[in-house]
Amino acid sequence: MPKAELHCHLEGTASPPLVRRQAARYGVDIATLLDGDRYRWHDFASFLRAYGAASALFRTEEDYAELAETYLASIAGSGAIYAEFFISPDHAEAAGLSPGAYAAAVAEGIRSAEAEHGIVARLIVVGVRHLGVESVERAARFAAGMPPLVTGFGLAGDEGAGDPADFARAFAIARDAGLGLTAHAGEFRGADAIRRTLDALQPSRLGHGVRAVEDPDLVRRIAAVGIVLEVCPGSNLALGVYPSPDAHPLPRLRTSGCRVTLNSDDPPFFGTTLAGEYVLARDAMDFSDADLLAATRTAIEAAFVDEATRRDLLHRLDIDALGSASGRD
């Protein structure tokens, strides 16, 4: 089954085996970070601590190139033909790198993965809202400088920090530079936060966006405008946004006409993979093979890429879909 994803945090892809190698490289004790091949956390605050501890083990350009290439190789092996990473200048500075060197290193890992495995990837710079308006605007200016393979700008961080309108100037900077726009909204905050995000920032995509289901008028608006939802079911379940697959609104959003995609968010932290998200949608949310292919097609149609690359990816999707169908036959 050909796959694509639009919502994945670069540092959140670090697998436990890779983290162990990094810890050995830098002589860091990570006994409290991992429980076998799973990260040890129990609530959102402890998840953030685990995420921060793992991220701190990536310190050089070579580390970041390896991180990107390792993840892309892993998902290419399960049929992924396209992926986007969220990257943050704030993470770069915490690692002791300039944002430019950080982005260039990740881009090098992307190029290596494409040459070796055929997968195409792009980068979305995110501003972290709980770090403040000035920090988000700095991130937008950095993204507008168009570092290698950066094609989008987004808003991440604590949804409760600030009002979406506070970040309108940052989004204007990115929009004027021709970048694609996305914003995390509707994960831990409800439908009103999504509405205010759409009104103030005018993104073409929403990170998560699942709590729109609480307001039928908002669902109709999202469907009518064609806003693409970067849905991360495994993440939502792991973080307790919804208690079970049966309670997850993805099927209702899809049947209401919303454009939905499947994404892994921070896969090893949530015990999932991109392939696992497709399996979850199929086995627990009544997605047919045609529905899964439609989600992949939507992701490519909504990808922050030039039109020539999009045409190539859609052509690959059609060829891979035929091969997948022939294999089932």
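Tutor: A polar contact is a pair of N or O atoms within 3.5 Å. Keep that cut-off in mind as we look at this predicted model.

Student: What makes the link between the side chains of Asp291 and Arg254 a polar contact?

Tutor: The side chains of Asp291 and Arg254 are joined at 3.3 Å. The cut-off is within 3.5 Å, so the pair of Asp291 and Arg254 counts as a polar contact.

Student: Where is Asp291, and why is Asp291 called buried?

Tutor: Asp291 sits in helix 13, residues 289-302. Its relative accessibility is 19%, and buried means under 20%, so Asp291 counts as buried.

Student: Which residues does Asp291 touch, leaving out those up to four places away in sequence?

Tutor: Asp291 touches Arg254 and Asp286. Touching here means heavy atoms within 4.5 Å.

Student: Where does Ala212 lie, and what does Ala212 touch?

Tutor: Ala212 is in the loop between strand 8 (205-208) and helix 9 (216-225). Not counting residues up to four places away in sequence, Ala212 touches Ile194, Leu218, Val219 and Ile222. Ala212 and Ile222 are ten residues apart in sequence, and their C-alpha atoms are 8.5 Å apart in space.

Student: Now the pockets. How do you know that helix 2 gives the largest share of the largest pocket's lining?

Tutor: Helix 2 supplies five residues, and that is the largest share. The largest pocket has 31 lining residues, with His9, Phe44, Leu48, His130 and Gly157 nearest its centre. The elements giving two or more residues to this lining are helix 2 (44-55), strand 4 (80-87), helix 4 (89-94) and strand 5 (120-128).

Student: What volume does the largest pocket have, and what kinds of residues line it?

Tutor: Its volume is about 680 Å³. The lining holds 13 nonpolar, ten polar and eight charged residues.

How values were computed
Residues numbered from 1 in each chain as written. Predicted model: local features only at pLDDT ≥ 70, side-chain atom pairs only at ≥ 80, totals over all residues. Heavy atoms only, no water. 1 Å grid on protein atoms, 1.4 Å probe; cavity = no way out; pocket = protein on both sides within 12 Å on 5 of 7 lines; lining within 4 Å. Points joined across faces, edges and corners; volume = space filled by probe spheres on them. Helix = DSSP H or I, 4+ residues; strand = E, 2+ residues; numbered from the N terminus. Nonpolar A, V, L, I, M, F, W, Y, C, P; charged D, E, K, R; others polar. Buried < 20%, exposed > 50% of the residue type's maximum accessible area, 1.4 Å probe, protein only. Polar contact = N/O pair within 3.5 Å; in protein donor to acceptor, adjacent residues only side chain to side chain.
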